[in-house]
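Thanks for coming, everyone. Please bring the structure up on your screens, and I will walk you through it.

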Amino acid sequence: MMNTKEYYSFRTRKDNRPIKESHILALKRNILISNDLHLNPIVVTEDMQVIDGQHRLIAASQLGVPIYYLVDRNFKPKKMITLNKVQLRWSIDNYLNYYIANGTDYYKEVGEVAERYGLTLTCVLLWLFDGRETIQRFKEGKFCKKITEKDIENLNYLEMFKNFTKDRCSNHTSIFKHKALHKALNLLFRCNYFDTESFFRKLNIAPHRFTRRAVWTEYLTDIIEIYNYKRIKQRLMITLDKNKAKISY
């Protein structure tokens, strides 16, 4: 294995995958946290064409750090496809197992909640703290939110909702794996205007069947429709603005 800062020595191939700027940014962030490029060298042909690792090369060049590389002297064009296809990205469950194995209690607690309520880790994190930055912090080992009584209360409401709607949903299992539904429910259960116990009473009598929706705002509309069923006073209203929703009377 060799290394260099002479980035101009390398050549790209037109038949490689398109460059993704978001991936370069993610790599640069990881390199700044812990530069492990020596553990994952790029692969080049004898004439320095990059067949695996073009994003790592660009990230290294932009940060001005050495790039490590191996020369494949038996290169065949289709090998490039194989190299890229066999690389598996870590799933969020892989990160969970890693941090639990290294004694991180916050991660153990999240894993126990996911198992107890039969939820994916992504959905659990959405319930604990809605935001993409949470997933990134989780992967970086920086997640340190203590699960509160309010979190458990809302997850118990979710379990109740799941049981209430079991016979009213077509494709019930699929719907409850849909992150969009969890986003809508989480927003409502945390809303001061939303009377959860009143909602469950309406859930018993409202002539409504749940179906899978494309986006969370459609689930939100469905749930509000049930909440407002035969309600004269304090009917809830939704005001949508791009990817945000405001709930009021």
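Let me start with one term. Buried means under 20% relative accessible area, exposed means over 50%, and partly exposed is in between, with a 1.4 Å probe and protein chains only. With that in hand, take K146: exposed, at a relative accessible area of 56%.

Now the ground rules. This is a predicted model, where local features need pLDDT of at least 70, side-chain atom pairs count only at pLDDT 80 or more, and totals for chains, interfaces and linings use all residues. Residues are numbered from 1 along each chain as its sequence is written, and side-chain values use heavy atoms, with hydrogens and water left out.

One more term before the tour. Helices (H or I, at least four residues) and strands (E, at least two) are DSSP runs, numbered from the N terminus.

First stop, the sheet. In what order do the strands of the open sheet come? The order is β1-β4-β2-β3, 4 strands with mixed pairing. Two strands pair here if DSSP finds at least two bridges between them. β1 (2-4) and β3 stand at the edges with a single partner strand each, so one side of each has no neighbour in the sheet. On average, neighbouring strands are turned by 45° against each other, direction ignored.

Look inside the sheet. β2 and β4 (residues 67-71) run parallel, joined by 3 bridges. V44 has V71 as its bridge partner in β4.

Next, a helix. Helix α2 (residues 54-63) lies across β2, β3 and β4, and runs at about 115° to β3. Axes are lines fitted to C-alpha atoms, for helices over the stretch in contact, and angles run from 0 to 180 degrees between N-to-C directions. Contact means heavy atoms within 4.5 Å.

Stay there for T45. You will find T45 in the loop between β2 (42-44) and β3 (50-52). Is T45 buried or exposed? T45 is buried, at 5% relative accessible area. Leave aside neighbours within four places in sequence, and T45 is in contact with I51, V71, D72 and F75.

On to charges. Side chains of opposite charge can pair when their charged atoms come close. For a salt bridge, a side-chain nitrogen of Lys or Arg must be within 4 Å of a carboxyl oxygen of Asp or Glu. How many salt bridges does the structure hold? The structure holds 10.

Here are some of them. D52 pairs with R56, with the closest N and O atoms 3.4 Å apart. D52 is buried at 7% relative accessible area. R56 is buried too, at 9%.

Back to K146. The side chains of K146 and E109 meet in a salt bridge, 3.9 Å from N to O. This pair links distant parts of the chain, 37 residues apart: K146 sits in the loop between α7 (132-139) and α8 (149-164), and E109 in helix α5 (residues 105-117).

Another one: D151 with R190, where the closest N and O atoms are 3.1 Å apart. D151 lies in helix α8 and R190 in the loop between α10 (179-189) and α11 (196-205), so the pair ties together parts 39 residues apart in sequence. D151 is buried at 3%, while R190 is partly exposed at 35%. There is also a network: salt bridges link R29, E140 and K142.

Now the cores. A nonpolar core is a set of buried Ala, Val, Leu, Ile, Met, Phe, Trp, Tyr and Cys residues joined through side-chain atoms within 4.5 Å. The largest has 47 residues, and V110, F138, F161, L185, F194, F199 and I223 have the most contacts inside it. Elements giving two or more residues to this core include α4 (92-101), α6 (121-128) and α12 (216-227). The largest share, 7 residues, comes from α12. Apart from this core lies another, of 16 residues, with I31, L37, I42 and V44 among them.

Zoom in on F138. Not counting residues up to four places away in sequence, F138 touches I92, Y95, L96, Y99, Y107, V110, L125 and F143.

Last, cysteines. How many disulfides does a search of the whole structure find? The search finds 0, a disulfide being a pair of cysteine sulfur atoms within 2.5 Å. C123 is buried at 2% relative accessible area. C191 also counts as buried, at 15%.
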